[in-house]
Amino acid sequence: MKSVASWPSVDWMRALLIQFFATTLYSMTAEVIHQVEEALDEDEKEMLLFLCRDIAADVTPLNVRDLLDILRERGMLSVMHLAELLYRVRRFDLLKRILKIDRMTMEAHLLRHPHLISDYRVLMTEIGEDLDKTDMSSLLFLMRDYMGRSKIAKDKSFLDLVMELEKLNLVAPDQLDLLEKCLKNIHRIDLKTKIQKYKQSAQGAGTSYISALQASLPNLSLKDPSHNLRLQNGRSKEQRLMVKQLNVQREPVKTSIQESETFLPRHIPEERYRMQSKPLGICLIIDCIGNDTEVLQDTFTSLGYDVQICLYPSMSHLIQILRQVAHKPQHQDYDSFVCVLVSRGGSQSMFGVDQTHSGFPLDQIRRMFMGDACPSLLGKPKLFFIQNYVVSDSLPEDSSILEVDGPAVNNVDSKARQPGPCTVHREADFFWSLCKADVSLLERPSSSPSLYLKCLSEILRKERRRPLLELHLELNDSVYDWNTRVSLKERYYVGLQHTLRKKLILSCK
């Protein structure tokens, strides 16, 4: 039973009730509609009109104000319905300022109630947001075979294109094969996959639009393991397919204007991390084995990183190098940081070439680059790829090590200590990929490169335009396939922990 001290305070409960009644009883007026319409830009208005095509199919509103007024007259525009529309066009600032509803409250409401907007409309707007000008140009060109040249205007948006295709019965909620095919032809496999996941979720969906919410809500937790996504190396193909579906459904939400609020211990990705600096950042490769350095150097150099290599360090030298790099002033000019560690070690520690030391805890390496210890990397992605050949600890006989989408640090003893108004937690923005293998792999007459690092390099070189989390899923699949064909001593065990708050794509192009 919880202690009294752990119960919510009376003041907190009172504030929650006040917010609930204020939200529920808030009357929809012409003034509110006018404020919303005036604050939206043209792209957001286009998106809102598109989202509402199904619920106002018998009218052709001239503008957003007319649409909202018609819905109000028909009793179809409650405060929460308008809040859902603002949520879908990513105007969280208007949600809070005009309707007095914060984003967390809105997300909780959508989890428990049927939605005004269909999964299909949400999917189309999300695809449109992810297409750049080059993608749209290619997509419009491919559609000439189905729509004719006269129907295609170069300045059409994706939502304009979808509406034209709907008129020709070429696209509908249950008819997306053409769009899926064209996205594949322009090499947007990520968006093709998104459509596939929508199809699969729609087959089992009821009348409420919960699957659309799952497709658009972010990962929710920095500290709460109940929201974690676990991926097992030993799972079946069918289980891995289900996990991939969940991962795609939990893609980050894009925002027009970021909310300003104090740090909350939850994971709310927003937009993409900035990856435009040249170089993208420092990539530190510490290799105590020597089988993978050249490939890793080529991979991260091609991605745009300043690669710095430390070969065969002793334990004291390894620690010194990490500390020196953590304090480099160049980080303030770069958009990210990468560290690749290859070494013998314990289950949670690594050795240098001198194995007389008991090992340096991996958790301490991570702490060197947290926001309070390395403020120049605060708010920027910090990526760690670790190949650890375990010496002292025995690996599990089954593939029980989990890849966890959630807490990257177990200790919750400190909050960020940052000057000024910064609200980013010191433990945020970490991507921690740890692969363990038996040290006997290195004791053979001719030891080969790490399968994990080999697959990582291949995926990063070929698929740099895709989000890193998706690429790691494929990496996990490659490791699983390998493990099904070899003995226990030859297997690799991959685990992922991350606290990324935004979509991360390792490409500056």
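# Briefing on local features of a predicted model

Pro-279 is found in the loop between α15 (237-249) and β2. The structure is a predicted model. The peptide bond that leads from Lys-278 into Pro-279 is cis, and its omega is near -5°.

**Strands β2 and β3**

- Strand β2 covers residues 281-287 and strand β3 covers residues 306-311; the two pair in the parallel sense over 6 bridges.
- Between β2 and β3 the chain passes through helix α16 (residues 293-302), and this β-α-β crossover is right-handed.
- Within this pairing, Asp-287 stands opposite Leu-311 in β3.

**Ser-457 in helix α19**

- Helix α19 spans residues 451-462 and contains Ser-457.
- Is Ser-457 buried or exposed? With a relative accessible area of 1%, Ser-457 is buried, because buried means under 20%.
- Leaving aside residues up to four places away in sequence, Ser-457 touches Val-295, Leu-296 and Thr-299.

**Helix α4 and its ends**

- Helix α4 runs over residues 64-73, and Val-64, Leu-67, Leu-68 and Leu-71 are buried in it.
- Viewed down the axis of α4, the buried residues fall within an arc of 95°, so they line one face of the helix.
- At the start of α4, the backbone nitrogen of Arg-65 has a side-chain oxygen of Asn-63 within 3.2 Å.
- Just after α4 comes Gly-75, whose phi is positive at about 75°.

**Positive phi in loop residues other than glycine**

- Lys-100 is placed in the loop between α6 (92-97) and α7 (103-112).
- The phi of Lys-100 is near 60°, a positive value in a residue other than glycine.
- His-187 lies in the loop that joins α12 (177-185) and α13 (189-203).
- Although His-187 is not a glycine, its phi is positive, at about 65°.
- His-187 has a relative accessible area of 66% and is therefore exposed, the cut-off for exposed being over 50%.

Methods:
Residues numbered from 1 in each chain as written. Predicted model: local features only at pLDDT ≥ 70, side-chain atom pairs only at ≥ 80, totals over all residues. Heavy atoms only, no water. Buried < 20%, exposed > 50% of the residue type's maximum accessible area, 1.4 Å probe, protein only. Helix = DSSP H or I, 4+ residues; strand = E, 2+ residues; numbered from the N terminus. Arc of directions from axis to C-beta. Polar contact = N/O pair within 3.5 Å; in protein donor to acceptor, adjacent residues only side chain to side chain. Pairing = 2+ DSSP bridges. Right-handed = clockwise from strand over helix to strand, strands pointing away. Contact = heavy atoms within 4.5 Å.
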